[in-house]
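Trainee: I have a structure open and would like to learn how to read it. Could you take me through it step by step?

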Amino acid sequence: MKSVLTKHLRASAAAAAALAILAAQPALAQELNALIWCDHADPALLQPFEEANGVKVNVKEFEGTGAGLALVEQSQPGDWDVMVIDSIDVPRGVEKGLFEPLPEDQLPFADLFPEVKMDGSTVVDGKRYGITEKFGYNTIGFNNTKVDVADMQSMASLIDPKYKGRIAIYDYYLPVMGMAALSLGKKTADLTEADLPAIRDVLMKMKANAKLVGEVTASQTALATGEVDILVGGGEWVTAGLAKENPALDFSIPKEGAVLWSQALAMFKDSKNKDLALKFIQYIVSPDGQARLATSSCYWGMPANSKAALTDEQKKTLRFDEQPEFLARAQAYPAPDADLDKKMQDVWTEMLQAQ
Amino acid sequence: MRIAARILVSAYALAIYGFIFLPVVVLVLFSLQATSFPIPPFTGPSLRWYQAVLADQRLTSALFNSVLVALLSSLVAVALGFLAAWGFARYHLPRSWLLRGLITLPLTVSYLIIGMGILILFNAIGVPKSLIAAGIGHVVINLPLCFAIIYSQMGEHQVNIERAARDLGASEWKVLFLVSVPVLWPAIFASFFLSMTFSWDEFVIAFLLTRFDTTLPVEIWNMLRSGLNPRTNAVGSLVFGVSIVLALLLELVFLRRNRQ
Amino acid sequence: MNATTPGRLLPWALVTPALLWTLVFFVLPFIAMAMLSLLEPGGEAATLENYRQFFYNPSYWRALVNSLEVTLTVTVISVLLAYPFAWILAEIVPPRLQRLALVLAVLPFWTSYVVRSYSWLLVLAQNGVVNEALTGSGLADAPLQLANTRTATVIGFVHFFVMLLTLTIFANLKQLSPSYRRAAADLGAGPVRTFWHVILPLTLPGIMVGAFLTFVLAIGDYITPQILGGNNELLMPQLIMMQIGRRGDFPLASALAIILMAVVTIAYLFCARWLKIERA
């Protein structure tokens with residue numbers, strides 16, 4: 001009987017010791033807290049910065065600006081230092097009083113591809129709050145051995161019954177609804193509530209052809225494993241990283257155009273590590289950081305800094321030299337106000353539920 | 001007739017076992033994949049993903065966190081559950097049925113809702129997300145279980161032993177710790193074990209309530225968002241392997257106790 | 001009363017910690033959630049807008065219908081598959097091997113839930129194990145569409161709950177006194193009649209407890225439908241997570257959560273007879 005009691009006591013003592021160890025773990029070197037898209041979690045990207053500065057970078061991943069802002073709302077001021085946010089959504093963060101202006105003279109704005117600088121959204125009231133770090137396209141990704149490549153030059157093939165059951169749709173409402181708008185000849189910047197019924201129609205037709213609607217991983221996997229042959233909303237972010245193992249994966253910019261995604265870095269006004277945050281941003285937009293970010297393990301994309309230190313092979317995979325032509329035919333994400341945003345999300349939910 | 005029945009029975013049992021083991025066999029098989037995608041064809045065997053897992057500091061610290069949270073939250077749940085079960089079983093408390101029902105109520109609530117509720121409450125009063133918050137959530141889901149299991153085992157035969165101890169002059173606390181606990185040991189152990197199991201693999205509450213230091217299921221989820229990768233298979237297989245070892249150890253301990 | 005009768009304080013000291021924990025970390029959050037569900041995001045006045053949204057938006061209440069359909073299907077299939085299995089383990093497997101047989105049945109569930117779900121996705125994929133077996137053996141002409149469908153979600157759920165129900169039914173079967181069977185035999189009943197009229201009713205509590213647990217756990221589960229369903233339809237937990245994760249709309253999420261709890265409560269009232277926690 002006694003041995004059972006001592007067994008209990010020993011277990012509790014061990015547990016208490018474990019708790020003490022956990023609590024007493026000294027705060028290591030300075031820490032940077034970053035809210036990121038998954039491509040910033042790659043150790044190959046973070047380690048050089050951590051080692052050079054003797055710091056630790058803590059990351060929390062999210063997908064979609066709505067989710068990121070929701071995470072911020074669930075946190076206390078000072079919890080976060082930097083955030084990766086779509087360039088077009090920077091004003092939303094500024095509106096909520098989240099971001100700190102960035103020093104123009106300490107960041108290589110002159111080296112950025114002009115089309116992705118996006119002064120229209122990264123500059124608010126004369127102050128710059130975000131710097132674009134990476135961009136790409138939400139367009140048509142496909143397996144060029146399984147589909148007729150000529151069909152991929154028009155979005156009409158996405159709703160063609162010929163491809164029924166062979167499509168996956170990327171689960172992010174903003175770019176895909178933007179693509180739907182483009183297919184109807186509308187500009188993504190001019191969307192209003194009146195356009196929603198027509199967009200809804202296109203979405204429903206796409207859903208009828210679709211096998212699944214998935215986020216980054218599910219979409220990549222579906223295309224890579226041959227579960228589907230076409231990914232609506234796919235682009236180099238899906239195909240480039242897999243190019244080595246599956247060179248049949250490709251993307252096209254159809255004649256109707258494509259939606260341009262561009263990520264920017266922003267600094268939090270309440271950050272307790274503003275100097276370190278700036279250093280981090282400088283690192284990411286430096287030629288070395290840009291090359292690592294562009295080829296990050298979660299998804300690849302074009303570096304915003306044209307001087308990124310990419311190898312020739314990497315440039316070829318990303319179609320570096322064709323970018324000016326692509327950029328000319330791409331339009332930015334829709335940037336709806338709160339009311340239109342809610343209605344768009346409702347349409348998206350409706351599409352998800354449609355049989 | 002008998003032989004036909006035996007074949008039918010064996011076939012059914014084998015089919016069910018096959019069904020149960022199917023995803024695990026595939027999981028372990030593709031953890032040994034040589035290329036980067038855990039999909040057919042099998043290009044193994046290779047241990048590179050196990051190496052990657054053991055070298056991945058985020059994974060190993062998530063593993064440690066999972067064990068810690070499971071251990072501590074289960075200890076709290078068992079302790080609270082045991083004391084409450086003993087209190088309700090041995091003494092008459094007013095509206096006991098109502099209070100007992102309250103303690104077991106969380107059993108009927110989805111983990112998602114429990115986690116959401118705590119998140120909302122903590123947001124409102126400014127408590128940050130952390131492993132401790134997740135641990136609190138885990139106690140909420142395991143306490144009713146521990147209470148129910150231990151309470152259901154408290155019957156007349158223990159009362160007699162306790163009465164004997166009291167007659168011999170033991171105080172209430174001595175009766176509790178030196179007599180009741182050992183006698184109810186199987187129930188206590190079962191509820192502890194069950195709590196550890198539920199907490200260890202629990203995803204939703206940990207996902208909602210942790211920030212950077214997180215548990216293994218959440219870390220695996222994060223890993224999976226970065227692309228399907230045999231690393232997750234390797235982690236799953238390692239967890240599986242460790243569980244088997246623990247189960248064998250348990251069997252040995254159990255067998256030894258039985259022989260005593 | 002002898003001198004060591006405990007004072008009135010002791011019983012309360014024993015049960016208060018558990019009660020307090022439940023009140024602070026379960027009841028209070030629930031009240032907070034209920035209050036929140038009556039607000040609009042950013043609003044101050046109480047309103048039933050969130051509930052109205054649910055009932056008037058087909059995409060939303062469709063999620064509840066989907067959840068009920070899937071959960072009931074899973075429960076029924078799991079019970080039908082688990083009962084014979086539990087029977088075999090309890091009655092036909094020799095007693096010294098029974099614990100081993102049970103442990104073997106539970107062992108696969110000690111892999112991570114998330115990874116296991118993804119494994120099912122791969123098993124059911126176009127070029128996965130199942131389809132390869134079906135087309136290879138000639139049972140199917142072309143690979144079946146299994147992954148990313150409701151079928152996959154159901155399979156994923158049934159996989160887990162067959163194990164759970166096997167445990168509850170097994171426990172029930174082992175508890176049955178052999179005198180029931182002997183009595184039935186003495187009265188001239190054959191094995192089938194004994195089973196139908198004696199064993200089955202006596203194991204109903206085990207079935208109902210397992211079925212209730214299956215219902216509650218399945219209807220509130222987020223991972224399995226999210227990973228295996230391919231977003232081809234939304235179930236309630238996915239809808240709730242969408243509000244939390246993508247829109248930060250906690251009031252609406254709270255309202256949806258309360259509706260889900262109401263459904264589970266109805267199920268509980270239905271099964272209450274068999275779910276009393278009785279002392280030995």
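Trainee: Among contacts in chain A between residues at least 6 apart in sequence, what percentage join residues at least 24 apart?

Mentor: Two residues are in contact if their C-beta atoms, placed from the backbone, lie within 7 Å. In chain A, 77% of the contacts between residues at least 6 apart in sequence join residues at least 24 apart. Before we go on, please note that this is a predicted model, in which local features need pLDDT of at least 70, side-chain atom pairs count only at pLDDT 80 or more, and totals for chains, interfaces and linings use all residues. Residues are numbered from 1 along each chain as its sequence is written, while chains are lettered from A and ligands numbered from 1 in the order in which they are written.

Trainee: How many helices and strands does chain A have?

Mentor: Helices (H or I, at least four residues) and strands (E, at least two) are DSSP runs, numbered from the N terminus. Chain A has 15 helices and 14 strands. For overall form, we use the radius of gyration, taken over C-alpha atoms, and the globule rule, which is 2.2 Å times the number of residues to the power 0.38. That radius is 23 Å for chain A, close to the 20 Å that the rule gives for 355 residues, so chain A is as compact as a globular protein of that length. Its C-alpha atoms fill a box of roughly 75 × 60 × 45 Å along the principal axes.

Trainee: Which domains does the assignment give for chain A?

Mentor: Domain bounds come from an automatic or database domain assignment. Here the assignment gives domain 1 (31–135 + 261–320) and domain 2 (136–259 + 334–353) of chain A. The contact between them takes 13 residues from domain 1 and 15 residues from domain 2. The centres of these two domains, taken over C-alpha atoms, are 25 Å apart.

Trainee: Is Met118(A) buried or exposed?

Mentor: A residue is buried if 20 or more other C-beta atoms lie within 10 Å of its own, exposed if 12 or fewer, and partly exposed in between, with C-beta atoms placed from the backbone. Met118(A) counts as buried because it has 23 C-beta neighbours inside 10 Å. You will find Met118(A) in the loop between helix 5 (114–117) and helix 6 (119–122) of chain A. Its phi is near 50°, a positive value in a residue other than glycine. Arg319(A) also has a positive phi, about 55°, although it is not a glycine. Arg319(A) sits in the loop between helix 13 (312–318) and helix 14 (323–329) of chain A, and with 16 C-beta neighbours inside 10 Å it counts as partly exposed. Over the whole of chain A, buried residues make up 51% of the 355 residues.

Trainee: How many helices and strands does chain B have?

Mentor: Chain B has 12 helices and zero strands. Its radius of gyration is 23 Å, whereas a compact globule of 260 residues would have one near 18 Å. Its C-alpha atoms fill a box of roughly 70 × 65 × 35 Å along the principal axes. Of its 260 residues, 47% count as buried.

Trainee: Why does Ser74(B) count as buried?

Mentor: Ser74(B) is buried because 26 other C-beta atoms lie within 10 Å. It belongs to helix 3 (residues 57–90) of chain B. Leaving aside neighbours within four places in sequence, Ser74(B) is in contact with Asn142(B), Phe192(B), Ser195(B), Met196(B) and Ser199(B). Ser74(B) and Leu143(B) are 69 residues apart in sequence, yet 8.3 Å apart in space, C-alpha to C-alpha.

Trainee: How many residues does the contact take from chain C and from chain B?

Mentor: The contact takes 66 residues from chain C and 74 residues from chain B. On the chain C side, helix 1 of chain C gives the largest share, 17 residues. For classes, Ala, Val, Leu, Ile, Met, Phe, Trp, Tyr, Cys and Pro count as nonpolar, Asp, Glu, Lys and Arg as charged, and the others, Gly among them, as polar. By class, the side of chain C that touches chain B has 54 nonpolar, nine polar and three charged residues.

Trainee: Where does helix 3 of chain C bend?

Mentor: The bend at a residue is the angle between axes fitted to the seven residues ending there and the seven starting there. Helix 3 of chain C bends by about 25° at Ala82(C), and a proline, Pro84(C), follows within four residues.
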